Amino acid sequence: MKRLVVVESPTKADTIRDYLSGDGHTYEVQASMGHVRDLPASAGEVPEQYKDEDWSDLGVNVEEGFEPVYVTKGRGRKVLGELRSALESADELYIATDEDREGESIGWHLTEALDPDVPVRRMVFHEITQDAIQRALDDTRGIDRSLVAAQETRRILDRLVGYRISPLLWRKIAPKLSAGRVQSVAVRILVLREKERIVFVPATYWDLEATLRHDGQTFDAELTHFGAQGEGVRIASGKDFADETGWLEDGVFGWNGEGEPRPNATPPEGLSVPERPSQSEVDAGDLRVLFTEEKVTALAEALPEKAWRVAGVKQRTRTKSPYPPFITSSLQQEASRKLGFSSGRTMSVAQRLYENGHITYMRTDSTNLAQEAVEGARQAVEGRYGEEFLSKSARSYGGQTSESAQEAHEAIRPAGSGMRTQDELGLTGQEGRLYDLIWKRTIATQMADARLRYTNAYLDVEGPGGHTARFRAGGKEVLFPGFFRAYVEGSDDPEAELEDREHPLPALEEGDAPDCRSVEPSDHETEPPSRYTEASLVEILEEEGIGRPSTYASIIETIQQRGYVEKNGKQLVPTFTAFATNNLLEKQFERLVNTGFTAEMEGILDDIARGERDATPFLEGFYRGEGGLDQRVETGLEEIDPKAVSEIRFDKWQPYVVRVGRYGPYVEGPLDATGETATASLPDDLWPSETTKERLHDILEESNAGDRPLGIHPEHDMPVLLKNGPYGPYVQLGDNEQQGKPKRVSLPPRVEPKDVDFDLALQIINLPRTLGEHPDDGQPVDTNVGRYGPYVRHWREDRKPLYASLKQNKGDDVLTVELDRALELLEKKKSGRREPERTLGEHPETGEPVTVWDGRYGPYVRHDGTNASLIDDQTIENVTLEEAVQLVAEKEG
């Protein structure tokens with residue numbers, strides 16, 4: 001009997017193929033390359049019979065039960081043809097796609113499109129091992145229509161939100177924007193945090209840090225209280241100040257250490273100093289010491305000469321248990337912290353590890369471990385670390401974040417029971433690093449608790465005026481490392497981390513008199529709330545129940561591609577476009593971007609997945625109900641004022657406001673000279689929380705300034721002017737009255753108008769700059785700035801000049817580039833085809849080369865006519881062949 005087994009990818013097919021033999025059946029394994037059908041992406045893909053329907057652009061029949069219209073396109077047609085041919089000689093069809101909702105949906109679409117005459121069996125497994133595949137063959141089932149319905153409902157929801165709200169954004173804010181059911185909530189979370197940063201007012205406070213020595217050991221202590229002995233007033237710390245004012249929080253009063261409360265800072269503009277009661281009228285618990293620099297400096301000079309005494313010592317022992325094994329979200333967070341991987345990179349690498357049979361399925365919200373994994377981990381712990389590091393009994397991490405059946409029912413762990421290491425599997429590079437992380441986390445689950453001892457010593461010293469200064473010294477000792485020996489969260493070197501965690505105090509007892517070596521004043525400034533990173537955004541999305549962990553990587557990638565978010569190191573920085581888009585969504589679709597409502601929808605999708613709820617009434621209410629999506633879109637088209645909704649205004653920016661228009665963000669405000677309202681485009685690298693009133697003022701004034709004379713050209717005896725035009729700033733030789741068409745040269749990239757002095761202006765206006773003669777024909781080679789940026793040019797005899805663009809990312813500068821570099825660029829252009837930056841190797845399926853190129857819109861990989869842009873932190877230098885193959889497959893799919 002011949003069985004046709006269909007999986008999603010060629011890699012998975014190759015791995016499974018090795019395990020399908022020896023049971024008397026013949027197997028053929030084929031890859032569907034993901035989905036073979038989907039909703040139409042554009043009007044051109046809508047089947048002819050639906051083109052005249054009002055709902056045709058949605059690809060969903062909102063008039064009759066929200067029935068989706070599926071189309072087969074591109075590679076899907078070829079794949080279906082190959083599968084139909086294979087079915088002709090098959091006796092059974094086995095659907096072996098992934099076990100989550102997406103995999104179930106792929107399997108359902110395959111059976112619908114193929115309409116096979118042979119029996120269809122669904123085989124499910126969460127790891128690709130011999131035992132797992134055999135169990136899946138022995139215990140097949142049918143397609144779970146409830147899981148399919150949940151996935152289909154999610155797809156329809158996303159289509160309705162995206163295809164109805166996005167055109168509204170185009171009309172009211174700017175073209176090419178998009179909305180998404182989950183992505184818009186993620187953007188709102190980032191925008192709200194950035195708003196907190198914008199209104200933040202820093203506060204400065206002082207404290208003291210002492211260095212002491214006892215029994216031959218040096219240790220540090222910090223000032224915590226000042227005042228009467230044993231009942232001093234606590235020193236102010238960052239948490240005592242209000243973010244919006246830089247003042248102490250309501251109900252907390254500052255004391256200067258000498259008897260009277262004092263304001264902690266000059267009040268911000270527009271705020272008056274509040275009345276503050278005397279110290280005797282304030283409960284001591286509401287007081288905070290706020291030293292001036294002079295006061296704290298005087299104390300620092302006086303205290304080292306005084307007698308120091310240990311007033312008390314407190315110790316506590318803490319037991320820390322291992323972390324649960326990885327689920328999708330925790331793997332993304334830890335890979336970001338430890339390995340610097342983006343969420344997308346983590347999931348891509350994990351996908352390859354799974355498909356090659358090295359780990360269990362990577363889209364899961366279950367922390368459960370199979371019994372074979374527990375036993376394998378315990379054997380590995382005992383063999384590698386010794387019995388003392390083994391937990392007394394097997395640890396169980398049962399339970400799921402979600403009650404739904406959307407994801408796999410086991411945590412992410414090494415496949416099988418052998419718990420083989422990275423080296424034993426021969427894994428290197430990113431796959432090796434991620435596998436090692438998963439291996440360590442899994443092993444650690446069956447290790448003993450770590451035991452730590454924390455010690456706090458309190459030291460008193462009498463300061464000027466009879467006030468007692470109390471200092472605290474803290475120490476920590478690792479009594480038994482337990483699972484820390486294998487795994488420390490946030491660190492990729494457990495041994496080094498253990499050493500860092502050890503900073504014990506000397507043996508101090510009450511009444512001891514340590515020797516004070518120095519006391520140093522230390523000033524602190526409160527910090528605004530931290531921006532989200534990919535790791536912390538994933539964490540908050542999971543905590544709020546927004547989306548599913550398996551979707552987080554694509555969400556984060558999408559909001560960057562759409563221009564809502566830029567990356568600054570690991571920080572996710574929302575743009576002005578994100579602010580304007582969020583304004584509209586909060587105004588018109590407040591419920592849709594509310595985290596509680598989004599989480600509620602996820603619960604409804606879970607109900608559908610369990611077969612406990614019908615999707616159609618839910619979709620009807622969401623789309624057509626009171627205040628539903630359709631009604632809100634139509635109202636928004638009529639009522640939303642584009643200028644008002646795109647306005648971004650903060651008190652500290654007054655009198656300037658920022659708006660987002662069709663051509664990007666711009667500032668609007670009065671000009672110094674006339675008071676008239678003017679506008680100016682904002683530079684691409686200006687972020688909302690980095691924007692200041694002064695910066696907006698300078699941009700507006702510079703953009704609207706008249707001609708700025710910089711000097712007289714020494715050769716032409718004409719003025720050199722800095723001017724602004726519709727395409728940006730430029731340098732001009734002479735004025736319009738002196739000559740009909742004066743010479744003009746745009747400022748080179750990365751040159752700001754404020755940086756242009758006379759010397760620089762001369763270099764610019766003297767372009768083109770001759771670099772020398774071409775060795776082939778003796779004709780000149782020069783460089784200049786044109787409409788599309790800086791270039792080099794070869795004036796070929798009897799032919800048109802040959803042009804080649806300068807590469808800014810390679811350090812090329814029109815004002816400094818030399819002949820050798822120009823000849824190199826011209827030679828590449830002359831050859832008629834560009835050369836790749838790197839050749840990564842041969843594609844494993846076709847044998848054709850996979851290359852890396854540097855394009856106008858960034859680096860990309862190419863294979864057999866398919867180009868795919870690099871993603872995340874991939875660069876020309878670090879992208880691997882495996883990653884390139886994955887990028888090409890995703891682009892073709």
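A salt bridge here is a side-chain nitrogen of Lys or Arg within 4 Å of a carboxyl oxygen of Asp or Glu. Keep that in mind. This is a predicted model, where local features need pLDDT of at least 70, side-chain atom pairs count only at pLDDT 80 or more, and totals for chains, interfaces and linings use all residues. Residues are numbered from 1 along each chain as its sequence is written, and side-chain values use heavy atoms, with hydrogens and water left out.

So, salt bridges. Side chains of opposite charge can pair when their charged atoms come close. How many salt bridges does a search of the whole structure find? The count is 52.

Take R659 and E668. Their closest N and O atoms are 2.8 Å apart. Are R659 and E668 buried or exposed? Both are buried, meaning under 20% relative accessible area; exposed is over 50%, and partly exposed is in between (1.4 Å probe, protein chains only).

Next, R531 and E690. This salt bridge also has an N to O distance, 2.8 Å. R531 sits in the loop between β15 (515–525) and α14 (534–544), and E690 in the loop between β21 (677–681) and α21 (693–704), so the pair ties together parts that are 159 residues apart in sequence. A word on those labels: helices (H or I, at least four residues) and strands (E, at least two) are DSSP runs, numbered from the N terminus. R531 is buried, at 6% relative accessible area. E690 is partly exposed, at 40%.

E620 and R624 form a salt bridge, 4.0 Å from N to O. Both lie in helix α18 (residues 615–624), four residues apart, about one turn of the helix. E620 is partly exposed at 34%. R624 is partly exposed, with a relative accessible area of 34%. Shared partners then join E63, R164, E620, R624, D630 and E634 into one network of salt bridges.

On to a helix, α12 (residues 429–444). It has 16 residues, and its end C-alpha atoms are 23 Å apart. The expected span is 1.5 Å times one less than the number of residues. Helix α12 is mostly covered, with 13 of its 16 residues buried.

Last, the surface. Which residues form a negative patch? They are E48, D52, E53, D54, D57 and E64. For such a patch, residues need over 30% relative accessible area and no salt bridge, and like charges are joined within 9 Å. D54 lies in the loop between β2 (26–31) and β3 (60–61). D54 is exposed, at 72%.

Technical notes. Patches are made of residues with over 30% relative accessible area and no salt bridge: like charges are joined within 9 Å, nonpolar side chains (Val, Leu, Ile, Met, Phe, Trp, Tyr) within 5 Å. Accessible areas come from the Shrake-Rupley method with a 1.4 Å probe; for residues, only the protein chains shown count as cover. Lys and Arg count as positive and Asp and Glu as negative; His and the chain ends are not counted. The place of a charge is taken as NZ of Lys, CZ of Arg, CG of Asp or CD of Glu.
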